[in-house]
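This report follows a strand, its pairing partners, a helix and the surroundings of a ligand. The sequence and structure are shown first.

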Amino acid sequence: MSRNKVEEAPALFIIGTAGSGKTSLTSSMVEWLIKKGINAEAINLDPGVEFLPYEPLIDAREYVDVYEIMRTEGLGPNSALILSTDLLVDYVDEMRKTLNESTADIFIVDTPGQIELFAFRSGGLVLTEELFRGNKAIAYLVDAPFSSEPMNFISNLFLEAAVYSRFLLPTITVITKADLVGGESIRNILKWFANKETIIEDVRTRYSAEKYLYVKNVVKSIPSLGFLEKPIITSSKTFEGIVDLYASVSRIFFGGEETRYGPPP
Ligand SMILES: Nc1nc2c(ncn2[C@@H]2O[C@H](COP(=O)(O)OP(=O)(O)O)[C@@H](O)[C@H]2O)c(=O)[nH]1
Ligand SMILES: [Mg+2]
């Protein structure tokens with residue numbers, strides 16, 4: 001990889017629902033990149049995480065303490081987590097100092113467990129815009145065991161579209177935990193991505209007529225939603241697909257090739 005060191009390293013934001021495998025993928029990807037001689041640094045923006053399998057360059061927990069906020073503000077864990085994530089924005093300048101001194105080639109950014117804390121509150125957008133100055137992209141994680149069911153798959157794609165509409169950044173769909181499902185599930189997911197008629201048909205055979213009619217209408221009304229480009233199939237346990245994910249990321253950051261959604265306007 002070559003990067004003009006005058007520019008800041010690009011940042012890949014790892015976004016997905018709770019438990020979709022963000023922290024695991026951040027860890028595996030950084031480990032894989034470092035083995036390849038690429039100076040990757042992990043950034044943890046989740047103030048609520050208990051255990052991290054990687055050593056972050058920046059750790060949200062050094063700036064905000066969820067337990068302290070629970071005590072001082074008299075909040076329960078959910079409210080304290082929301083406030084903690086919002087408060088991170090106050091530390092952008094301090095975090096910038098660390099980034100300024102970094103010689104990283106790429107930042108892999110792990111985001112809060114609950115997707116809405118980062119994607120659907122103002123803090124996440126501010127952090128992506130003000131903390132990172134290089135190129136940016138999103139890896140949107142779709143849990144393979146969860147998405148093997150057609151309706152789950154569809155709702156996850158709607159969520160991906162909602163995330164995209166917030167950030168307008170090049171977005172790669174990443175199927176995680178491939179090691180937990182059989183080849184047939186993966187083939188189905190790839191089939192649904194390649195041809196939306198197939199998911200409408202699978203919904204027709206598996207669910208009520210009411211659900212089928214609904215899916216038929218909504219899926220048809222959003223022609224480009226997640227069905228245009230092959231997702232990357234990965235496992236953070238076996239490292240399957242990490243090479244493909246990095247190839248996609250490289251194309252966005254260094255290859256100038258358009259992604260599924262194209263570059264931001
Ligand atoms: N088998 C398997 N388990 C995984 C994989 N990725 C994550 N997990 C497990 O899924 C759970 C949630 O993962 P985590 O990375 O913490 O998800 P996050 O909430 O999105 O950060 C943990 O128990 C992980 O060990 C994977 O590729 N394969
Ligand atoms: Mg996590």
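## Strand 6 and its partners

In this predicted model, Ile175 stands opposite Ile233 in strand 7. That pairing belongs to a parallel arrangement in which strand 6 and strand 7 (residues 232-233) are joined over two bridges. Strand 6 also runs parallel to strand 5 (residues 136-143), to which six bridges join it, and here Asp143 stands opposite Thr176 in strand 6.

Strand 6 (residues 171-176) is mostly covered, with six of its six residues buried. Thr171, Thr173 and Ile175 point one way from the strand, while Ile172, Val174 and Thr176 point the other way, and all are buried.

## Helix 1

Ten of the 14 residues of helix 1 are buried, so the helix is largely enclosed by the rest of the structure. The buried residues are Lys22, Thr23, Ser24, Leu25, Thr26, Ser27, Ser28, Met29, Val30 and Leu33, and what covers them includes strand 1 (11-16), strand 2 (40-44), strand 4 (106-110), strand 5, strand 6 and helix 12 (242-255).

At 1.5 Å a residue, the 14 residues of helix 1 should span 20 Å, which agrees with the 20 Å between its end C-alpha atoms. Helix 1 is followed by Gly37, whose phi is positive, near 85°.

## Surroundings of ligand 1

Ligand 1 is surrounded by 16 residues, of which the closest are Gly21, Lys22, Thr23, Ser24 and Ser236. Helix 1 (residues 22-35) gives the most to this shell, with three residues.

Note on methods:
Residues numbered from 1 in each chain as written. Chains lettered and ligands numbered in written order. Predicted model: local features only at pLDDT ≥ 70, side-chain atom pairs only at ≥ 80, totals over all residues. Near = placed C-beta within 6 Å. Helix = DSSP H or I, 4+ residues; strand = E, 2+ residues; numbered from the N terminus. Buried ≥ 20, exposed ≤ 12 C-beta atoms within 10 Å, placed from the backbone. Pairing = 2+ DSSP bridges. Expected span 1.5 Å × (residues − 1). Contact = placed C-beta atoms within 7 Å.
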